[in-house]
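Could you walk me through this structure as if I were meeting it today? I would like to hear about its open spaces, its ligand and a few spots along the backbone.

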Amino acid sequence: MTQETPIYKDPKQPVEARVRDLLSRMTLEEKADQLLQGLIGKDVNPNNLGGENSFRPTIGSILSYSGGSKARNAFQRIAVENTRLGIPIIWGYDVIHGWRTCFPVSLAQACSFRPELTEKLSRVSALEAWTDGGVDWTFSPMVEVAHDPRWGRVVEGYGEDPVTAQAFTTAAVVGYQGKTPEEWKQPGYIAACLKHFVGYSASEGGRDYHYTDISPRALWEYYLPPFEAGVAAGARTLMSSFNDICGTPAVANHYTETEILRNQWGFTGFIVSDWGGVSQLKAQRYSSDPAVQTVHSLEAGNDMDMADFVFTNIPELVKAGKLSIATVDLAVERVLRVKFEMGLFEHPYAPEVPTEESCWKPEYLETALAAAREAMVLLKNEKQTLPLAPSGLKRVALIGPHWKNNLVHIGWWGALVKDDEKHAPSLFTKAQEFFPDAELVYEQGCPAPSVKSNLETLAARDEALLQAAAAAAASADVILLTLGEGGHQSGEYKSRRDIALPPCQEELIAAVRKAAGDKPVIALVSGGRPLAFQDAARSLDAILYIWQCGYGASQAAMEILTGKVNPSGRLAMTFPRTVGQIPVYVNQHHPARFGLNEYQDIPEENGPWFPFGYGLSYTEFTYGDLSVTPAASEGAAAFTAKVTVSNTGKMAGSETVFWYLSDLEASLTQPLKRVIAFRKIDLQPGETREVTLSVTRDMLSYVRGDGSKVLEPGDFILSASGKTEAKFTLNA
Ligand code: NOJ
């Protein structure tokens, strides 16, 4: 570096010195531009209104859809080489469950209960997105705990339990950004964005973009913990949510964005609004005045404006004395800090490697397959129908709308993902591979969900398809049925008032069962959310819930059907029996009365259809007695819990041990039980392992509406997966 090199351009200088130096050189207009995110490329989310904005080289960020590294670099070159200060643009994109290699959707990832797989696949996503797309920043992970499967975006999160979501959030952040600040500085690590901050998932009635009524306690108990974990793991950006929290929209919420996030958690990165979130303050009847929208958002702690360009009024507001320059500087500092930290000034350009060379590497596809294998959940297996022995089968009927519909495995955020046979082989293709000696008879059975999905597909039926399916079922030894949601029936703005199967699929099950007589009917059900089809499911012998598991989906499904892989997915979200049972989730609070609190029209069946943690295996696991003893030394741990788990069946398998805690009496009412930890273990037949948990004081504490944690002496019950439990006392 020469003598004249400004501090901000010198990578040896501390980040804070570089930030201060650069800020001191910027004009008001340049500062305001750093707080804008514009668009380049074709938008793939039809809900994201608007289109390409004209490019301004001093802009802080671009949300680019389809350009790739080459296009990005061309624009970046103008920003870096043809502007006064040469500040690189940070390029964002929704890399949600893969860039080109498609992984299981987040909800399915959570069902693997292997956060290490999420870390791995997030790492791959970052590498592909950077080398192929020139993406520095992904709008992922979505870490919102959700209790209502009618909300289409449950597919994007890690389910209903905050502890599970915390573990997967941490894994995703580490996968994208690396474990240390030094790692993050290297090319190929991209910034994570925790979203949507906070409480969007509580949308009333599961309707997207709706009002949320969140008590202070629920905020701390359910919605904030995954964000806190993500910040602790090093996430450097957050996206504010569309909803409002206790009457104040998230984008203008000083309590969440500054008091909690910055003052309590020490976050020093930046917050971007969600698409149009600043101008939406008008729709929320908060303010129709762009000046108020900008001032309140910035003063609350929301630093960057995604896509709606309201923040272009910053210079005029400062000049008019309506917005302080200190507020603007603070936001600009945060954006610049992240750019320096991630090494963007040192490597502003992405590699221009051909897609074929940077994506779909064998090890990436292997990761996709590994994740799919562990995400699928076996919900039903009457009389050990599964696994199937392909050698004994002469004729196999493949019936249903999804056999040749690859999009069903890709899901909502798969815009750049190819859904052709080469990349995402269909279930039909894989069935041919796995049943080589059997005659396969294929029938669609009912209308397939269209790409645009929804109403017309849900309502459609086709008598000829139904008849042909029945005939195929009558002629086969075993019937494999594909059912469930299409690839775009869950996701953003894909809320549904009912989460049953479409009537045509229910009709198909009935027709196939009638024609099949006693022969096994096995369903492979796709979905981006729990579907409630208890009644229709009664006549099925086995149900494998295959979610939307990406490129490994069809291979993994066939491996599980034929016993090459023992299913080990467990539900990260409860399946209700009917939509009227919603909300039903693992850590619900205790009712005041039992018995009469139940729905009178389902007297025998008041629990969920399949609870959180549910999932069958081809082997059996037996739990020994659980012991809880005081921890050996004074420290974070208060007790040590131990349990042995044995594989008493005939096949190697994996079991997830869920640790549930019940606090029997407290000054604030408590859930019936709550998850405090989980651990997935692998066991050979006949093998026994001891699983230990350090029960920390933090785990025994509950949170109040002001965020403070309370540890009260008293009695607790700890349970391991609901199979064995022990009562213990925390003394005063
Ligand atoms: C709106 C969505 O709510 C958000 O999750 C996404 O990251 C942005 N659009 C950008 O596409």
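What follows is a short tour, from the pockets to the ligand and then on to some local details.

Please keep in mind from the start that this is a predicted model.

Let us begin with empty space. Rolling a probe the size of a water molecule over the atoms shows where empty space is left. The largest pocket found in this structure holds about 1,300 Å³ of space. Its lining is made up of 45 residues. If you want to find the centre of the largest pocket on your screen, look for P608, P611, F612, Y614 and K673, which lie nearest to it. Two elements, β11 (377-381) and β20 (653-663), each give two or more residues to this lining.

Now move to the second largest pocket, with a volume of about 580 Å³. Here 26 residues form the lining, and those closest to the centre are V163, Q166, P225, R674 and K709. Several elements give two or more residues to the lining of this second largest pocket: the helices α6 (162-177), α8 (216-223), α9 (225-232) and α23 (697-700), together with the strands β21 (674-683) and β23 (702-703). Which element gives the most to the lining of the second largest pocket? That is α8, with four residues. By class, the lining of the second largest pocket has 13 nonpolar, six polar and seven charged residues.

Next comes the ligand. There are 14 residues around the ligand, and D94, R153, K195, H196 and D274 come nearest. Three of these names return when we look at polar atoms. D94 has a polar side-chain atom 2.5 Å from an oxygen atom of the ligand. The side chain of D274 likewise places an N or O atom 2.5 Å from a ligand oxygen. For K195, the distance between an N or O atom of the side chain and an oxygen atom of the ligand is 2.8 Å. How much of the ligand does the protein bury? Taken alone, the ligand exposes 290 Å², and the protein buries 100% of that. The shell around the ligand consists of seven nonpolar, two polar and five charged residues.

A search of the whole structure finds nine cavities of 30 Å³ or more. Let us stop at the second largest cavity, which holds about 70 Å³ of space. Its lining includes M26, E30 and Q34, then P57 and T58, and also A79, T83, R84, L85, G86 and I87. Sorted by class, the lining of the second largest cavity has five nonpolar, four polar and two charged residues.

Aromatic rings give us another way to read the structure. A pair of aromatic rings is described by the distance of the centres and the angle of the planes. The structure holds 35 aromatic pairs. One of them is formed by F113 and F612, with 5.9 Å from centre to centre and 85° between the planes, an edge-to-face arrangement. This pair links distant parts of the chain, as the two residues are 499 residues apart. F113 belongs to the loop between α4 (106-112) and α5 (115-133), whereas F612 belongs to the loop between α22 (553-561) and β17 (621-623).

The last stop is the backbone itself. The peptide bond from S140 to P141 is cis, with omega near 5°, and P141 sits in the loop between β4 (137-138) and α6. Another cis bond runs from I582 to P583, with omega near 5°. P583 is found in the loop between α22 and β17, the loop that also holds F612.

Two further residues have a positive phi without being glycine. C246 has a phi of about 50° and lies in the loop between β7 (244-245) and β8 (248-249). For R285, phi is near 60°, and R285 is located in the loop between β9 (270-272) and α11 (290-300).

Technical notes:
Residues are numbered from 1 along each chain as its sequence is written. This is a predicted model: local features need pLDDT of at least 70, side-chain atom pairs count only at pLDDT 80 or more; totals for chains, interfaces and linings use all residues. Side-chain values use heavy atoms; hydrogens and water are left out. On a 1 Å grid over the protein atoms alone, a cavity is a set of points where a 1.4 Å probe fits but cannot get out, and a pocket is an open set with protein on both sides within 12 Å along at least five of seven lines; lining residues have an atom within 4 Å of a point. Grid points are joined across faces, edges and corners, and a volume is the space filled by probe spheres set on the points. Ala, Val, Leu, Ile, Met, Phe, Trp, Tyr, Cys and Pro count as nonpolar, Asp, Glu, Lys and Arg as charged, and the others, Gly among them, as polar. A residue is near a molecule or strand if one of its heavy atoms lies within 4 Å of it. A polar contact is a pair of N or O atoms within 3.5 Å; within protein, one must be able to donate a hydrogen and the other to accept it, and residues adjacent in sequence count only if both atoms are side-chain atoms. Accessible areas come from the Shrake-Rupley method with a 1.4 Å probe; for residues, only the protein chains shown count as cover. Rings of Phe, Tyr and Trp (its six-membered ring) pair if their centres lie within 6.5 Å; planes under 30 degrees apart count as stacked, over 60 as edge-to-face and the rest as tilted.
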